[in-house]
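Thank you all for making time this morning. Please have the sequence and the model open while I talk, and I will go through them part by part.

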Amino acid sequence: MKQKKMGGWSVFVNGCVWAILLLALFGDSLASAPEFDPYKVLGVSRHASQAEIKKVYKRLAREWHPDKNKSPGAEDMFIKITKSYEILSNEERRANYDRFGQMDENQNFARAPQGFRHFHDSFYFDESFFHFPRTSRDFTESKHLLHFNQYMNEVLPDSFKRPYLIKITSEWCFTCIHIEPVWKDTVLELEPLGIGIGVVDIGYERQLANHLGAHRTPSILGLINGKVTFFHYSVAREHLRQFVESLLPQKLVEKVTDTSYLEFLNSWREENKPRVMMFDVASNIPLLYKLTAFAYKDYVRFGYVDMGLTETSQVVQSFNINTYAPTMLLFKENTEKPADVIQARGMKKQIIDEFVSNNRFLLVPRLVNQKLFDELCPVKQFHRRRKYCVLLVTGEGEQFVSVNEAFFDFASSNTKEVLRFAYVYQRKQQPLCDTLLKKDDTTPPQVIVLERRSAAGRVLYRTVTGGWNGSDDDKHRLHELLELLQRDPSYLTHDAMLPELNNEFASMFLIQWINTAYDYVSQFYFDLLYSNWREMMPVLSLIFSALFILFGTVIIQAFSDSGEEKPAKQKTTDSPKTAESSPGPESTSSRPPKKNFVEVTELTDITYMSNLVRLKPGHINVVLILTDASKQVLLRKFAKEVYSFSGSQTLHYSFLNVDKHSQWMDSLMESAPDARPSDCLDEEEEEEDTTSNKSDYTGHVLALNGHKKYFCLFRPVFTGEEAECSRWSDEDGSTAAPSKPSRSRSSSRQKATTLEIHHKLDRLGLWMERLMEGTLPRHYVPAWPGLDTITPQK
């Protein structure tokens, strides 16, 4: 009995212990864990607009910024404010929070950490013993967080000036903890050099992570020139530095020695860029110098001299370089004397950037593209910020050498801020030179002073009278013009719209295509090499699907073509087959042609009934009117224009020789008076007794519907000395009729002489499109005139 009591008491004690444990584990957490509410953190209502949220966020961010607020909880509060703004500023995340009470899938900012912390507090466990992370992100990492819009609008364009190192992470990525110290040290080392740093939280920025192709954490990638490259090696500071350095182009900086420095300096004319040489005692080119060269690759050419080599002693002595400190020399047109020099033991990025930026143009650069023109001669914005561009239009021959040197000497002695000197080669910038020289009808060399008024290309300019031969008189006239211009800006009297400049350094299309193809192939190779098969399955599936569709289409087309092929029959001259290539770009069709030729049949007394009078309902016969003399030329042009419409099953093509049936067209036009403009009818009534006004129907095209007894009319393009009424066509039906021609033009009804006859059908393709659309006017006839017995009614 006593044993039973003891057993019952034991069960009771065990139950109490478990109840206490459950209360300690869950009760305290559920009762006291405060729920994270971004609306409460920012102090806004749930119906607050984006403008209100942004205004409150800026105020709270200034108040709780750790650099300004030194209270112990300032950093945590600042992170909460940032997190709250990240949620409420994004409509999708805000909607998810309003509906489900969380920020993203499996991303509960406050509940899980709080409950986990209370679990440890209840059992006196030290969180540091297990090395669990804090969910609050460091402030140094928070300032590098990237959003999708920020990446697309800021980071991506900036990657063409400097490389970016981006880390993909998430809130509960335990592997990310191990690389965090290395990442921080790398950021502290590379960020002062000018490398962009970014952090993407895959939990909050799933769209950006998918755009970058990052599907797992942690991942590190590099971004340069808009291209993403993943880091696939062990995470070490030296490896990350080498990875960033490998992203830069290989031939960014040229190594200069005693044998190559003169060639390096003298090539400024071909590349149209200043030259910068850096002297330092290091076998490898410093990363800071490579980054500067990448940022200014469009403006300046960079070289590096290793002063520790014996092969560079001559160039070091030539410029009297101090070997105890790094030195940078910048050369422009004068290769014997540097235009600017800096020397310091600790080269800082800001100093180098300012040094290169202030000297990124030659003293007299050549305008080689529109970008250089826009920067060298900016558009006028304010009256006090006028900038005049003094432009020399010259050539490349030896006869222009002295002229160009004289212009350079003049520019060297006039270094005012409001003046920018430049020159262009007429052969390479022909449209620009033609626009500036056409009013004065002058030839190079000429000096033109211009001021840009709009980004669209509008300029005010004036040409220096007398041309430019480089004499003292020319320099004096130019100097007087510039002095007068600064006192009276209205002295620029000519106005013009300049075309966009040609890019003289643009590579050929084939080279661009090869480079693009190489980038795609290399990217695919690295993805295949370093990605697992699960990630590659969508890409492989897409490739094999495309190949299957391609080969399936080819096989089906081959069988269908072999089944439709029939032995070709030789046609007589009455039924010629005209072969032509694919049609021009203005011709379109709803069905592609099945043959590589257009079959055109002649309308005779034998084929007239079957091809017109007894034509099936819904079918149309397109008939070309020609003569014996124009037969071959017009048939070739006709076949080319209607080729793309030959796939239609309801269209048939014929031609009518008016030399054989001269009165058929007159009978048809008299049966449908509305087919002629009224002024032409009046003129014919006045001249009906004369025999010299016989109409020339060569080049006319008729679309005949034999069942419904109507036709649409195409009149040929005016090609020379024709009456104005002969230029009228169904295409112009929506416009006003042409003006009545004078009697003096009545004698000009004859064949065109100024242009070739095949130009009569130049607009036939557009007319065929309107025919297929059904928008052409229709002229109805009571009956079709016959070809055998024609009795026109006068």
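**Confidence and overall make-up**

Where pLDDT is low, the predicted coordinates should not be read in detail.

This is a predicted model, in which local features need pLDDT of at least 70 and side-chain atom pairs count only at pLDDT 80 or more, while totals for chains, interfaces and linings use all residues. Residues are numbered from 1 along each chain as its sequence is written, and side-chain values use heavy atoms, with hydrogens and water left out.

For the chain, the mean pLDDT is 77, and 73% of the residues reach 70 or more. The secondary structure comes to 28 helices and 21 strands, where helices (H or I, at least four residues) and strands (E, at least two) are DSSP runs, numbered from the N terminus. Of the 794 residues, 42% count as buried; buried means under 20% relative accessible area, exposed over 50%, and partly exposed in between, with a 1.4 Å probe and protein chains only. If we take the contacts with a separation of 6 or more, 74% of them are accounted for by residues 24 or more positions apart.

**Aromatic rings**

How many aromatic pairs does the structure hold? There are 18 aromatic pairs, and the rule is that rings of Phe, Tyr and Trp (its six-membered ring) pair if their centres lie within 6.5 Å, with planes under 30 degrees apart counted as stacked, over 60 as edge-to-face and the rest as tilted. One of them joins Phe410 and Phe421 edge-to-face, at 6.0 Å centre to centre and with 75° between the planes. This pair links distant parts of the chain, since Phe410 is in helix α19 (residues 401–412) and Phe421 is in strand β11 (residues 419–425), 11 residues apart. Phe410 is buried at a relative accessible area of 6%, and Phe421 is buried as well, at 5% relative accessibility.

Tyr608 lies in helix α24 (residues 608–613) and Trp664 in helix α26 (residues 664–671), so the pair ties together parts that are 56 residues apart in sequence. Tyr608 counts as buried at 4% relative accessibility, and Trp664 is buried with a relative accessible area of 1%. In α26, the residues Met665, Ser667, Leu668 and Met669 are buried along with Trp664, and what covers the buried residues of this helix includes α24, β17 (620–626), β18 (651–657), β19 (701–705) and β20 (710–714).

Going back to Phe410 and Phe421, ring pairs link them with Phe407 and Trp468 into a cluster.

**A kinked helix**

Helix α10 (residues 175–190) has 16 residues and should span 22 Å at 1.5 Å a residue, and its end C-alpha atoms, 23 Å apart, agree with this; the expected span is 1.5 Å times one less than the number of residues. Where is the kink in α10 centred? The kink, of about 35°, is centred on Pro181, the bend at a residue being the angle between axes fitted to the seven residues ending there and the seven starting there. The buried residues of α10 are Cys176, Ile179, Glu180, Trp183, Thr186, Val187 and Leu190.

**Loops and backbone details**

Thr312 has its place in the loop between β7 (301–306) and α16 (313–318), and this residue is buried, with a relative accessible area of 1%. Leaving aside neighbours within four places in sequence, Thr312 is in contact with Val256, Thr257, Asp258, Val305, Asp306 and Met307.

The peptide bond from Thr217 to Pro218 is cis, with omega near -5°, and Pro218 is in the loop between α11 (206–212) and β3 (219–224).

Finally, is Asn320 buried or exposed? Asn320 counts as exposed, at 70% relative accessibility, and it lies in the loop between α16 and β8 (327–331); its phi is near 55°, a positive value in a residue other than glycine.

Technical notes: pLDDT is the predictor's confidence in each residue, from 0 to 100. Contact means heavy atoms within 4.5 Å.
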